[in-house]
Amino acid sequence: MADRIPLYPVRSAAAANRKRAAYYSAAGPGAERPSRYQLEDESAHMDEMPLMMSEEGFENDESDYHSLPRARITQRTHGLGWFVCGGWKFLCTRCCDWLINVCQRKRELRARTVWLGHPEKCEEKHPRNSIKNQKYNVFTFIPGVLYEQFKFFLNLYFLVVSCSQFVPALKIGYLYTYWAPLGFVLAVTITREAIDEFRRFQRDKEVNSQLYSKLTVRGSCFIRTDQLDGETDWKLKVAVSCTQRLPALGEDSDPPIHESLSIENTLWASTIVASGTVIGVVIYTGKETRSVMNTSNPKNKVGLLDLELNQLTKALFLALVALSVVMVTLQGFVGPWYRSLFRFLLLFSYIIPISLRVNLDMGKAAYGWLIMADGSIPGTVVRTSTIPEELGRLVYLLTDKTGTLTQNEMVFKRLHLGTVSYGMDTMDEIQSHVRDSCSQLHSQATSSTPPRKAQSSAPKVRKSVSSRVHEAVKAIALCHNVTPVYEPRAGGTGDAEHAEVDQDFSDENRTYQAASPDEVALVQWTERVGLTLVNRDLTSMQLRTPSGQILTYSILQTFPFTSEGKRMGVIVRDESTAEITFYMKGADVAMSTIVQYNDWLEEECGNMAREGLRTLVVAKRTLTEEQYQDFESRHAQARLSVHDRALKVAAVLESLERDMQLLCVTGVEDRLQEHVRPTLETLRNAGIKIWMLTGDKLETATCIAKSSHLVSRTQDIHVFRPVTSRGEAHLELNAFRRKHDCALVISGDSLEVCLRYYEHELVELACQCPAVVCCRCSPTQKARIVKLLRQHTRRRTCAIGDGGNDVSMIQAADCGIGIEGKEGKAASLAADFSIRRFEHVGRLLVVHGRSSYKRSAALGQFVMHRGLVISTMQAVFSSVFYFASVPLYQGFLMVGYATVYTMFPVFSLVLDQDVKPEMAMLYPELYKDLTKGRCLSFKTFLIWVLISIYQGGILMYGALVLFESEFVHVVGISFTALVLTELLMVALTIRTWHWLMVVAEFLSLGCYVASLAFLNEYFDVAFITTMTFLWKVSAITVVSCLPLYILKYLKRKLSPPSYSKLTS
């Protein structure tokens, strides 16, 4: 896979070996390392590893190793050539960045003391708690917009040219011929930016005006984090227990209270209190909250097409200077030649057309309107109107998982007990087993036998299938963090103290809420098979059997799920039997070492994973009262520890996680968004590489990658092993480079280590993979991956997400797409384009992105052709008349040529299309050609230059040859033929006619004919009404256009473009 990557061999030397020995002994004198890290085997191993682990790298500190040796190889002496060729721009950028950092230096974050009831004692103020997606404010809007416009060479050049007209010696024509077009361009741009900025202001104001006020005395509440991470599940948050026992606000004389806090006691910004009420202490607000710190300031995005056109205008400027120098040279440098040089620069200034910018800006607005008016993608909003062409140049699409590819709605699919497996079609059998087992237990409970004390050493007997099924279902119904929620009755008082009376506890009014959708799916399934969770609080939960009996369990301990442990547990006491049971469920990799020996767990978990199911292993252990009391005392002591609390709690918990009884394995399917699979297939066929960046665990991300067909079922997957050091990363990258055509799955921690030492190698290898999945990614890591792809590949990237944790990724990409829906609006508000469903991405890119790019490329080159033609005519005219710096056309003729006479037909190119939208969706392979930039390149630009030189020469020489006696006839013949030639060239360029194009052609022609009667200053009205004028104009126009029509016809027959094969 990576044989083409430039690698650097290892050099052996005594000094290098000493450095390596020091590096590998860094863990301490007594540390043990595998043999692959030993010094005696190191030379042989390193020589086999074709990565950037050279002697030079070992001789430098690890912190800057990511820049070695590649960065050093690219270093050059910064001389005058470097400064002229772009070094000045680099230096200016660095200086500006330094000034910005000085002005906006982040203050140091310190521990904060909150004074309850005494706000005057607070030493520092909280930042304003508001969301801001605006780019400017009232004071920076005009300067910011002007800077963004004049940083383009095109606009800066015309600003200089317009200002030069205030110098009498350099004045050519009227001031309005220069300032009117420039003013119009700036007016259009400022208006467009003002509209976009006002829309951002309105959206921010709508979000910032949302307030929540509810109250509760239960000691817990639920929050929704859909605005933060795109997940629609409710998270349970618990009040600090000591605050629930306070009758009133404590005084200074009260004794201090020491209580350890956890993540369950915190509420986050950008979340919603979904159930219950909260009275909290505000610690961090505004820009100090995690959600805001994970995002970056909005920036102005510039499309690749604009950058390419900017480069072409620089080439045109060089041609302009060269032509002016040639004219002055041929003139013989007589008199004040420098003044003549500047006048020639002004005469030929139309080589760089100022109308290019305004035509492109109006075209972008038209593309945005067409996107939002498309009925096939309803609800799509263009929030950044400056980069619609970027949708047609994308190579990498980086997508979130939860809420983007998936609906975050789980469906229970499989239950496996080791000897028997139940699927969707056999759930009625489970329901029958649960009913029979519950009836049997109920009859035993109603007998005179007193409750027996639980014995952990009870003899093991083979249980019946019904009892095994019942044990598994009961464990699933108890081991979770789900809470049933009942909505108040209609017409209720809504007071907190009457909330219990107003609630409707019927089954139809009950909904389940939990921190994970897997939990809800499991509890909903237990309800369908007979065990219903009807009530839960912090200390107890109640289950209802099929016969209506209520089983009450006291919750003694709850151990929430963690990414490190990959499991969660609960200890409950059955109130009817006093039996204490420890239930646990988690990933197979974590549970396989905890449960008793078995020979089926690994195989069945693998089978379910290959079906795209998310698996959970469920186990239990029965505890005696003495065992639990011993555990409870040790656990409480560990929780009060100030240092290493998490490690001590985990160590105590491990004493219970031994020899647990394996009950079952469950399989849950995460429902995909509608039409995700065909959409991903369309994007792959279009040549777009798709990366999935998610915060979920590795197993979940891998399952979704398979079920969504992001990774085909026949494709190998390389799971990057966890690495923590440079040596481990080196060896794992070597193992990965030997794989061919396989998808990569890597965790955020391993990614961080690899990027520290082997950034270039990892990106090179990953870019050659058909698909990449990055799991356990933080928002900042997502943004960093996007930036790395942009820097290393120089290709256009697109990021798509739906939650607040995707905002940084969306802002970092060349093109950001946000999904708006039930998952929230945070990503949608910060994105460049907002859609309703993921399936809309296909049409947005393949149809609108492709057409926008092709139309803008044609429009930009045609506008430049229009300026080149008239500049060629000026050059011919000056050459014939002894290189005089006299304008051929003056006043309104120059303004009218670029506006009313040709503007409408030229701008109608934004309606042109080579294939119908349905055909573009059917053949997404047409999109591949756009990524190569062949629609706008130096080759196509040179073709248009040659066409312009030919037509300009024919028009001018033809008019000079055919005019009779008066010079005004030359102007009339040449200008009329010029206008007709431009109208015919538009018709030659169009591939699919639209009725507005026909209207534009005839409207422009009518405007020109009507204006002839009022342009006595430039035309001889008596002459232009004669047949002589008509045949001369017609002859010149035919000679200038007919050969091009013939060449186009021959090219279409001999070498037809790819789209023509589909339309024929």
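This report describes aromatic pairs and salt bridges in a predicted model.

## Basis of the values

The model is predicted, so local features need pLDDT of at least 70 and side-chain atom pairs count only at pLDDT 80 or more, while totals for chains, interfaces and linings use all residues. Residues are numbered from 1 along each chain as its sequence is written, and side-chain values use heavy atoms, with hydrogens and water left out.

## Aromatic pairs

Rings of Phe, Tyr and Trp (its six-membered ring) pair if their centres lie within 6.5 Å, and planes under 30 degrees apart count as stacked, over 60 as edge-to-face and the rest as tilted. By this rule the count comes to 19 aromatic pairs. Phe559 and Phe631 are both buried, a term for under 20% relative accessible area, with exposed meaning over 50% and partly exposed in between (1.4 Å probe, protein chains only).

The pair of Phe877 and Phe881 is tilted, because the ring centres are 4.8 Å apart and the planes stand at 45 degrees. Phe877 counts as buried at 5% relative accessibility, whereas Phe881 is partly exposed, with a relative accessible area of 34%. Elsewhere, Tyr889, Phe892, Tyr897, Tyr901, Phe975, Tyr1008 and Phe1019 form one aromatic cluster.

## Salt bridges

The structure holds 31 salt bridges, each being a side-chain nitrogen of Lys or Arg within 4 Å of a carboxyl oxygen of Asp or Glu. In one of these, Asp400 pairs with Lys782, and their closest N and O atoms are 3.4 Å apart. This pair links distant parts of the chain, since Asp400 lies in the loop between strand 5 and strand 6 (406–416) and Lys782 in helix 27 (residues 779–793), 382 residues apart. Asp400 is buried at 3% relative accessibility, and Lys782 is buried at 1%.

Another salt bridge joins the side chains of Asp914 and Arg850 at 2.7 Å, N to O. Asp914 sits in the loop between helix 32 (903–907) and helix 33 (917–922), and Arg850 in helix 30 (residues 840–880), so the pair ties together parts that are 64 residues apart in sequence. Both Asp914 and Arg850 are buried.

Terms used:
Helices (H or I, at least four residues) and strands (E, at least two) are DSSP runs, numbered from the N terminus.
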